[in-house]
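The exercises below are to be worked with the sequence and the model in view. Each task is followed by a solution in steps.

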Amino acid sequence: MNTVLTILRKDLRLELRTFETIPSMVLFSLASFVIFHFALNRATIEGQLAAGVLTATLLFAAMLAVNRLFVAEREQGGFDAFLLAPVDRTALLLAKASALFIFLVVLEVVAVPAFALLLLGPSLGPALIGIVAVVALVDVALAVIGTLVSAIAIHTRARDLIGPVVALPLLIPALIACARALGPLLQTHASGSPPAKWLAILALYDVVFALLAYAVFDFLLED
Amino acid sequence: MSVFAVSPALAPGKAAPYVIAAYIVFLALVLVYVAIMAKRLRSTERDLEALGREIGADRDDERDEVAA
Amino acid sequence: MTTYGRGLRGLSLATIATISTALVLVFFYAPLDADQGFVQKIFYLHVPLAIVSLCGFVFGALLAVGHLRTGDRRWDMRSYVAIHMALIFGVAGLITGSIWAKASWGHWWVWNEPTLVSFLIVLLLFATYQPMRFSIEDPERQARYASVFAVLAGAFVPLNFIAVRLAQQYVHPRILTLGGGNLPGSMRLTFIVALIGIALLYATLWKYEMAAKDARMRVRRLRRAVLGEDALAPLGRSAAPS
């Protein structure tokens, strides 16, 4: 656990000092919202359409973070240092996934209100807790799969291409669940509770992939 | 969402081209695969021939050296 | 060392026999479907292709587990061929499915057929296997990462089908249920024979491909043993442990 916290602290400190990832994600999301406004030619959107726009934007912003996740380790010998240390190897998985999760949460704290401001018709108020729950579960899926795919992609020649291209199909079920769960929540007279079916699917997906990641991550770190 | 047209299934006359097309696609893919494998087999045969020639040449050289 | 060529002739003869029988059954024995008419005959080709393709992906995942557990790269080669073959069968399944959709419902693609949609997603994932794999330079690492991918993707297949099925609320009543649903006996027999035929075809082609790769690998080994390392031409894209 100490190892996880150490690595996590390192990543967060790195991000605070360099401001590489999160501002890019935020700017990208805001630009996406502007593009969607013009592409859809609507002043406001609601319901399933709004859920789709939000899900897609979060996904693409997450891909930005996924591309950067292991770059420091790769370029500055972090992998070798980690392999030499007498620690449990899955600590790296936990730390990186947690870092990615935190980045996504910070992104959403800015992007979701911005979305409500710029594009969303109905107000966020009543459904806010439901939205938070859904988005939190999707963030877990994005974090786990993003970390796995990033660890695979970092050793390939075309890492910025391979990362998103492999991650997207893997994330489709989670994104289906996210968009479908958010749909009723972003409607004009939202009930405030997300459909339980989709929450269950998201949770199940998170658990399955977390276990798979745990089982498989060691093989990615071997030299 | 159910905006797609519910068209009645085609009669055998008009449907036959589609069915035949499907089976032809399948057959074509299998034959393309066979062609690719044939090309690979030829290249392996060529490699074996080249190897055989080089080994034969080496052995002939060795025989000559021993004899000399 | 295993020889994949052994038993290949028997297997191919069995495949030819089964597929021929299936074709005869499809066109001369199976009755016309009340709903879809003659178009339904595509079903005997499309569904077995899809089923065998999905099983092929899972088969590839299991072989990859073998590689991860033993470290022997021949398992990875088997996994690679299994996935490669399953992808080809999958594309064939997708094309035939599209032709079926066009003939049945007038559109080349329909979003309300959950099996087709899930299948597209699975193919999108496995289509990234080769680019990902061959962009890793170190052969050991390449094999290992490919196996990890195969395992993840294999686990993904059932999850994906469940998720997409749940997302499709507007299921058209005429859509085929695969669980041996409402097929009359003669159709079921034809379907099973077709399924076995396609499965045998997959096995035959897998063995065939393995034999070809194995032979090529052995020629390289011989060449290296006899002529030394520098007589070897660079291999390019290959999953074979040379």
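**Exercise 1.** State which helix of chain C holds C55(C), and decide whether C55(C) is buried, partly exposed or exposed.

Solution. The model is a predicted one. Step 1: find C55(C) in the chain; the residue belongs to helix α2 of chain C. Step 2: count the other C-beta atoms within 10 Å of C55(C), which gives 16. Step 3: compare with the cut-offs, where 20 or more means buried and 12 or fewer means exposed. The count of 16 lies in between, so C55(C) is partly exposed. Step 4: for a distance within the chain, take T3(C), which is 52 residues from C55(C) in sequence; their C-alpha atoms are 24 Å apart in space.

**Exercise 2.** Determine which pair of chains shares the most contacts, and describe the side that chain C turns to chain B.

Solution. Step 1: list the pairs in contact; there are 2, and chains B and C share the most contacts. Step 2: check chain A against chain B; no contact joins them, and their closest C-alpha atoms lie 12 Å apart. Step 3: count the residues in the contact of chains B and C, which takes 34 from chain C and 29 from chain B. Step 4: assign the chain C side to elements; α2 (43-70), α3 (73-105) and α7 (185-227) of chain C each supply at least two residues. Step 5: sort that side by class, giving 21 nonpolar, 8 polar and 5 charged residues.

**Exercise 3.** Find which element gives the most to the side of chain C that touches chain A.

Solution. Step 1: count the contact, in which 25 residues of chain C meet 25 residues of chain A. Step 2: name the elements of chain C that give two or more residues to this side: α4 (114-126), α5 (129-134) and α6 (139-167). Step 3: pick the one that gives the most, which is α6(C) with 15 residues. Step 4: sort this side of chain C by class; 19 residues are nonpolar, 3 polar and 3 charged.

**Exercise 4.** Describe how α6(A) packs on α9(A).

Solution. Step 1: take α6 (residues 90-118) and α9 (residues 196-221) of chain A; their axes are 8 Å apart, at an angle of about 110°. Step 2: classify the angle; because 65 to 115 degrees counts as roughly perpendicular, α6(A) is roughly perpendicular to α9(A). Step 4: name the residues; T90(A), L92(A) and L93(A) of α6(A) meet A213(A), Y214(A), F217(A), D218(A) and L221(A) of α9(A). Step 5: by class, this contact has 6 nonpolar, 1 polar and 1 charged residues.

Note on methods. Residues numbered from 1 in each chain as written. Chains lettered and ligands numbered in written order. Predicted model: local features only at pLDDT ≥ 70, side-chain atom pairs only at ≥ 80, totals over all residues. Contact = placed C-beta atoms within 7 Å. Helix = DSSP H or I, 4+ residues; strand = E, 2+ residues; numbered from the N terminus. Nonpolar A, V, L, I, M, F, W, Y, C, P; charged D, E, K, R; others polar. Axes fitted to C-alpha atoms, helices over the stretch in contact; angles between N-to-C directions. Parallel < 35°, antiparallel > 145°, perpendicular 65-115°, else oblique.
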